[in-house]
Amino acid sequence: MAVIKTEALYKQVANEMRNSITSGEWPPGSKVPTEEQLSALYEVSRPTVRQAAAALRTEGLLDIRQGKGTYVRDRSTGAAAIMNRNITRTATGYAFDADAWTQAEEPTSVRLRIDPDSAALLDIAPGEAAYGIERPLIHQPTGTRALHRMILPMERITGTPLAKKPTIQVSDVFAALAAAHGELEWHETVDARMPHPDERASLHLPEAVPLLIAQRLTLTEADQRPLTLETTSLGAGRARFAYTIQAGGAVGEQL
């Protein structure tokens, strides 16, 4: 490798490695030569090779597989894991389009105190008691994982079945809230950020893949009183949220 004195050495090595990927010399899914081999190939130190590889991981070109080595990330387009976010009001309650998403594990629930950010959205005092429910999900056709979390403030669910059994299905949560508080509506926002290490591990995400996060607030239709807060997180690599948007909210329409 011809060294350019005005450019950081690790960046020059990263450029050489990037060229090997884009030229097809290192095809998607292939194992990258070891640090020792790359150090000899480019006539640089192993720390320099390590720094170059880290830069390419940040770009999403390389993945580390624990105990196996470093591999060229497969960036080819595969089947997308689509999560339909529509809620349908029916004569008997609420229905969802499951989209082949199922529970990867049994839901868990814990008693918690509501944090300030969630409290602001729920219009409730920080530190109030609540149930926190967590549901790991999996998209069966693609193996894509997602994590659904729900906060149920005790103040909003006292006197409902939710106070005794908070891990029932989300459609049943909405039915119980509607029975206690009247007709419901939902406000939803979508955000993106890089995952924390524990999130990357639980969702089986490669490095440099951001999270898509849908945050849904359930409110009473009459007075806009917040009742519960949900977040659904999944990797943005081959997944997306889908919505059907219709005017109005009559019975039988999708919201």
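This is a predicted model: local features need pLDDT of at least 70, side-chain atom pairs count only at pLDDT 80 or more; totals for chains, interfaces and linings use all residues.
Begin by selecting histidine 204, which sits in the loop between helix 7 (197–203) and strand 11 (211–220). What is its phi? The angle is positive, about 60°, although histidine 204 is not a glycine. Most residues other than glycine have a negative phi.

Next, select aspartate 123. You will find aspartate 123 in the loop between helix 4 and strand 8 (129–139). Here, too, phi is positive in a residue other than glycine, with a value near 55°. Is aspartate 123 buried or exposed? Aspartate 123 is exposed, and its relative accessible area is 61%.

Stay in this region and colour the chain by confidence. Helix 4 (residues 116–122) is where confidence is highest in the protein chain, at a mean pLDDT of 97. Then select strand 5 (residues 94–96), where confidence is lowest, at a mean of 80. For the protein chain as a whole, the average pLDDT is 88, and 92% of the residues score at least 70.

Now move along to residues 250–255. Over this stretch pLDDT stays under 50. The model has 21 contacts for these residues beyond four places in sequence, so please view their placement with that confidence value in mind.

Zoom out and show the chain as a cartoon. How many helices and strands are there? The protein chain has seven helices and 13 strands. Its radius of gyration is 24 Å, well over the 18 Å that the globule rule gives for 255 residues, so the chain is more spread out than a compact globule. Turn the view along the principal axes, and the C-alpha atoms fill a box of roughly 75 × 35 × 35 Å.

With the whole chain selected, look at its contacts. Among those between residues at least 6 apart in sequence, 60% join residues at least 24 apart. Buried residues account for 39% of the 255 residues.

For a last stop, bring the surface back. The protein chain exposes about 13,700 Å², and carbon and sulfur atoms supply 51% of that area.

Note on methods. Residues are numbered from 1 along each chain as its sequence is written. Side-chain values use heavy atoms; hydrogens and water are left out. pLDDT is the predictor's confidence in each residue, from 0 to 100. Helices (H or I, at least four residues) and strands (E, at least two) are DSSP runs, numbered from the N terminus. Contact means heavy atoms within 4.5 Å. The radius of gyration is taken over C-alpha atoms; the globule rule is 2.2 Å times the number of residues to the power 0.38. Buried means under 20% relative accessible area, exposed over 50%, partly exposed in between (1.4 Å probe, protein chains only). Accessible areas come from the Shrake-Rupley method with a 1.4 Å probe; for residues, only the protein chains shown count as cover.
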